[in-house]
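Hi,

Here is the structure I promised to pass on to you.

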Amino acid sequence: MALRNIRINDDPMLRKKCREIPAVDDRIKELAQDMLETMYDADGVGLAAPQVGILKRLVVIDVGDGPIVMINPVILETEGSQTGREGCLSVPGKAGIVTRPMRVKAKAYDLDMKEFEVEGEELLARAICHELAHLDGDLYIDHVEGRLMDVTEEEDEE
């Protein structure tokens with residue numbers, strides 16, 4: 001496992017649409033593990049493959065309940081709405097107010113290419129929507145209500 005460099009918001013890689021993963025091989029498994037390690041090292045709750053320079057439909061998420069690896073994820077249902085502060089490892093030192101669904105149901109494949117569904121509310125729903133948007137070149141800063149705010153290190157620790 002190795003830490004990967006996280007692409008920052010003006011990197012054109014972040015605006016590209018990712019390709020589906022037809023099969024999981026050792027390289028995809030290594031990428032998923034590297035992404036988890038990179039996400040944890042950066043104190044994030046999610047990371048998408050384009051954020052580490054790979055145009056594949058792969059995201060990793062951990063909101064505190066253990067890691068979720070999603071290959072070729074698709075949102076099936078959304079319900080309600082929540083408005084709250086959101087940040088991104090590719091937009092360091094900034095946060096903004098974004099409205100997302102309160103509940104999300106998504107399907108994806110795991111590292112054995114077995115299909116599964118995940119349902120999330122609140123933070124998990126927000127993370128799923130945020131990370132899956134990355135796969136289509138969509139950044140949260142495109143949806144900020146009002147202005148982007150500077151984040152202090154003290155706020156990051158809360």
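Leu 148 counts as partly exposed because its relative accessibility is 30%; buried would mean under 20% relative accessible area and exposed over 50%, with partly exposed in between (1.4 Å probe, protein chains only). You'll find Leu 148 in strand S8. Helices (H or I, at least four residues) and strands (E, at least two) are DSSP runs, numbered from the N terminus. If you skip the neighbours within four places in sequence, Leu 148 touches Val 91, Lys 94, Ala 95, Gly 96, Tyr 140 and Ile 141, where contact means heavy atoms within 4.5 Å. Glu 86 sits 62 residues away from Leu 148 along the chain, yet their C-alpha atoms are separated by 9.9 Å.

Before you go further, a word on what you're looking at. This is a predicted model, so to speak of local features we need pLDDT of at least 70, and side-chain atom pairs count only at pLDDT 80 or more, while totals for chains, interfaces and linings use all residues. Residues are numbered from 1 along each chain as its sequence is written, and side-chain values use heavy atoms, with hydrogens and water left out.

How confident is the predictor? pLDDT is its confidence in each residue, from 0 to 100. The chain averages a pLDDT of 95, and 96% of the residues score at least 70. Residues 154-158 are another story: pLDDT stays under 50 there, and the model has three contacts for them beyond four places in sequence. Where pLDDT is low, the predicted coordinates should not be read in detail.

Now back to the sheet that holds S8. Three strands form this open sheet, in the order S4-S5-S8, with antiparallel pairing; two strands pair if DSSP finds at least two bridges between them. Strand S4 (82-86) and strand S8 (145-150) are the edge strands, each pairing on one side only. Ignoring direction, neighbouring strands here are turned by 25° against each other on average. Five bridges link S4 to strand S5 (residues 94-100) in the antiparallel sense, and Glu 86 has Gly 96 in S5 as its bridge partner. Helix H2 packs on this sheet, touching S4 and S5, and its direction makes about 70° with that of S4. (Axes are lines fitted to C-alpha atoms, for helices over the stretch in contact, and angles run from 0 to 180 degrees between N-to-C directions.)

There's another open sheet too, made of five strands in the order S1-S2-S3-S6-S7, again antiparallel. Strand S1 (46-48) and strand S7 (115-121) stand at its edges with a single partner strand each, so one side of each has no neighbour in the sheet. The twist averages 35° from one strand to the next. Strands S2 (residues 58-61) and S3 (residues 68-79) run antiparallel and are joined by four bridges; Leu 58 stands opposite Ile 71 in S3. Helix H1 (residues 26-41) packs on the sheet, where it touches S1, S2 and S3, at about 40° to the direction of S2. Helix H2 (residues 123-134) lies across S1, S2, S3, strand S6 (103-109) and S7, running at about 125° to S7.

Cheers

Notes:
pLDDT = per-residue confidence, 0-100.
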